[in-house]
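Student: I have a model open and would like to go through it piece by piece. Can we start with how the elements are named?

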Amino acid sequence: MSDLLEPLFSDAVSRDFAAGEVLFRAGDPVVSMILLQDGRADLVRHTGHGLRMILHRAGPGQILAEASAWSDVYHCDAVASEPCVAALLPREAVSAKRVGSLFVLWRQ
């Protein structure tokens, strides 16, 4: 994880997830930004034909569905592909301005 993002998650609560457990579902209200601290999680969408598409396989140090920080709902499912630990930062703790400027710096 970028050193620029560490302070953002300094007060986040960590939670354990079992393999197969859902961290969030598409259409759920965005309540947290999530930093994967250990283990793996898949970001998944389901097609109209019932096929499961893995959009991203996240590992330690990666933020899950960061685009959801600017949305009212999650755009995909996040499912633990193995036991994992994630830091949950409540959405209200993150101002769009602060996160936006950090992500601009982080992506450079």
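Tutor: Strands here are DSSP runs of at least two residues, numbered from the N terminus. Keep in mind that this is a predicted model.

Student: Is S71 buried or exposed?

Tutor: S71 is buried, because its relative accessible area is 11% and the cut-off for buried is under 20%.

Student: And what does the side chain of S71 reach?

Tutor: The backbone oxygen of V73, at 2.9 Å. Leaving aside residues up to four places away in sequence, S71 also touches V30 and R91.

Student: Moving on to the sheet. What is the strand order?

Tutor: The order is β2-β7-β4-β5, in an open sheet of 4 strands with antiparallel pairing. β2 (22-24) and β5 (52-58) are at the edges; each has a single partner strand, so one side of each lacks a neighbour in the sheet.

Student: By how much are neighbouring strands turned against each other?

Tutor: By 30° on average, with direction ignored.

Student: Back to β7. How many bridges does β7 make with β4, and how many with β2?

Tutor: β4 (residues 41-46) and β7 pair over 4 bridges, in the antiparallel sense. Between β2 and β7 there are 2 bridges, also antiparallel.

Student: Which residues stand opposite A78?

Tutor: L43 has A78 as its bridge partner in β7, and F24 stands opposite A78 as well. For V79, the residue opposite is D42.

Student: Which way do the β7 residues point?

Tutor: D77 and V79 point one way, A78 and A80 the other, and all are buried.

Student: Last topic, confidence. What is the mean pLDDT of the protein?

Tutor: The mean is 84, and 81% of the residues reach 70 or more. Over residues 104-108, however, the pLDDT is below 50. Beyond near neighbours in sequence, that stretch has 5 contacts in the model.

How values were computed
Residues numbered from 1 in each chain as written. Predicted model: local features only at pLDDT ≥ 70, side-chain atom pairs only at ≥ 80, totals over all residues. Heavy atoms only, no water. Buried < 20%, exposed > 50% of the residue type's maximum accessible area, 1.4 Å probe, protein only. Polar contact = N/O pair within 3.5 Å; in protein donor to acceptor, adjacent residues only side chain to side chain. Contact = heavy atoms within 4.5 Å. Pairing = 2+ DSSP bridges. Axes fitted to C-alpha atoms, helices over the stretch in contact; angles between N-to-C directions. pLDDT = per-residue confidence, 0-100.
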